[in-house]
Amino acid sequence: MYDNSFIMVPQHEDEVADYDWENFPPSKYQKGKTSFSIIDESTGIEGKLIAGTAFIHGRVQGLVFAEHVTVEPTGRVDGVIFCRTLTVMGAVGANVICDTLRVRNGGQLSATLKYRTIKIEPGGLVGGQFERRVVIDGRSQPSFSGRRQDP
Amino acid sequence: MVDRFGDENSEGTVVIGAGVDIKGEMTVPGLVTIDGRFEGTLKAKCLLVGRTGHAGGHISAQTVEVRGTVGENLVAETQLVVRSSGAICGSVSYGKIIVEEGGELSGTIQKIVPAAPEQKVVPLQRGE
């Protein structure tokens with residue numbers, strides 16, 4: 001039986017931004033398998049959800065730490081999300097640190113967000129404090145291209 | 001407004017070409033295209049910031065499309081589209097939003113909530 005109790009949850013945002021997802025234990029465990037976690041519509045979780053890939057149809061209050069997270073139209077997450085890719089079709093009110101964010105039609109995201117790539121499709125709703133991070137010399141840093149001052 | 005070609009429905013437009021740098025205040029009834037730099041206060045119906053363009057200051061328009069960079073304060077009353085080469089950094093308010101992959105959105109983002117329609121109170125008549 002797989003035990004994920006030894007997984008250290010990053011305590012600092014830089015640890016998440018530079019996280020080595022290739023060696024994320026749940027993802028390594030499910031490599032080559034068609035396995036994922038589904039939190040169904042009737043399920044509510046209060047606490048930590050650690051998974052390789054998670055599809056959330058129900059409600060999670062607390063921490064979601066996974067490589068790939070999809071919040072389905074009926075799903076809601078409040079708290080903190082650390083992940084590599086986040087797809088929002090439901091509602092998210094959280095502190096989010098991810099590499100790739102996609103907000104799809106009907107998705108609502110109200111967040112303090114740090115991301116590398118973002119895509120908001122028509123019908124997506126977003127709000128909060130956003131910061132794009134770029135990798136420079138192997139370190140994740142805030143991007144300031146919007147404040148670019150041309151000579 | 002009648003333009004020089006006699007078109008009665010024409011709205012005044014402004015094009016700030018690449019290499020042009022403007023500071024100040026503008027109110028434009030039609031389209032503003034910025035391929036150069038603009039700093040200041042801009043109010044327009046439509047705004048298009050081209051790949052080489054930058055708009056900074058207090059920018060307000062009904063529809064905004066960003067292929068270049070926008071800074072400080074942006075209000076897109078109806079729709080905001082950030083193309084893959086576009087970057088916005090600052091305070092952003094929008095009615096609807098689309099961000100293409102590769103586009104950048106940084107700062108404080110909020111949706112403009114339309115004002116609730118005025119509720120009309122009709123007094124009940126005796127017997128109702």
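**Close-up views of a predicted two-chain model**

**View 1. A residue pair links strands β4(A) and β5(A).** In this predicted model, A:Asp78 has A:Gly93 of β5(A) as its bridge partner. The two strands concerned, β4 (residues 76-88) and β5 of chain A, pair in the parallel sense, and 12 bridges lie between them.

**View 2. Strand β5(A) also pairs with β6(A) and β7(A).** Strand β5(A) is joined by 7 bridges to β6 (residues 108-115) of chain A, and these two strands run parallel; within this pairing, A:Val92 has A:Leu109 of β6(A) as its bridge partner. A further 4 bridges connect β5(A) with strand β7 (residues 117-120) of chain A, again in the parallel sense, and here A:Thr100 stands opposite A:Thr117. Strand β5 (residues 91-103) of chain A is largely enclosed by the rest of the structure, because 10 of its 13 residues are buried.

**View 3. Strand β2(A) pairs with β1(A) and with β3(A).** Strand β1 (residues 37-39) of chain A runs parallel to β2 (residues 44-56) of chain A, and the two are joined by 3 bridges; A:Ile39 stands opposite A:Ile56 of β2(A). Strand β2(A) is also joined, through 12 bridges, to β3 (residues 59-71) of chain A, which runs parallel to it, and in that strand A:Val69 is the residue opposite A:Ala54.

**View 4. The largest nonpolar core and the surroundings of A:Ile81.** The largest nonpolar core has 63 residues, and those with the most contacts inside it are A:Val64, A:Val69, A:Ile81, A:Val92, A:Val96 and B:Ile88. Strand β5(A) gives the most to this core, with 8 residues. When residues up to four places away in sequence are not counted, A:Ile81 touches A:Val64, A:Val69, A:Leu86, A:Ala94, A:Val96 and A:Cys98. In soluble globular proteins, nonpolar side chains tend to be buried together.

**View 5. The contact between chain A and chain B.** Chain B brings 23 residues to the contact, and chain A brings 22 residues. On the side of chain B that touches chain A, at least two residues come from each of β5 (69-82), β6 (87-99) and β7 (104-111) of chain B, and β7(B) gives the most to that side, with 8 residues.

Technical notes. Residues are numbered from 1 along each chain as its sequence is written. Chains are lettered from A and ligands numbered from 1 in the order in which they are written. This is a predicted model: local features need pLDDT of at least 70, side-chain atom pairs count only at pLDDT 80 or more; totals for chains, interfaces and linings use all residues. Two strands pair if DSSP finds at least two bridges between them. Two residues are in contact if their C-beta atoms, placed from the backbone, lie within 7 Å. A residue is buried if 20 or more other C-beta atoms lie within 10 Å of its own, exposed if 12 or fewer, and partly exposed in between; C-beta atoms are placed from the backbone. A nonpolar core is a set of buried Ala, Val, Leu, Ile, Met, Phe, Trp, Tyr and Cys residues joined through C-beta atoms within 7 Å.
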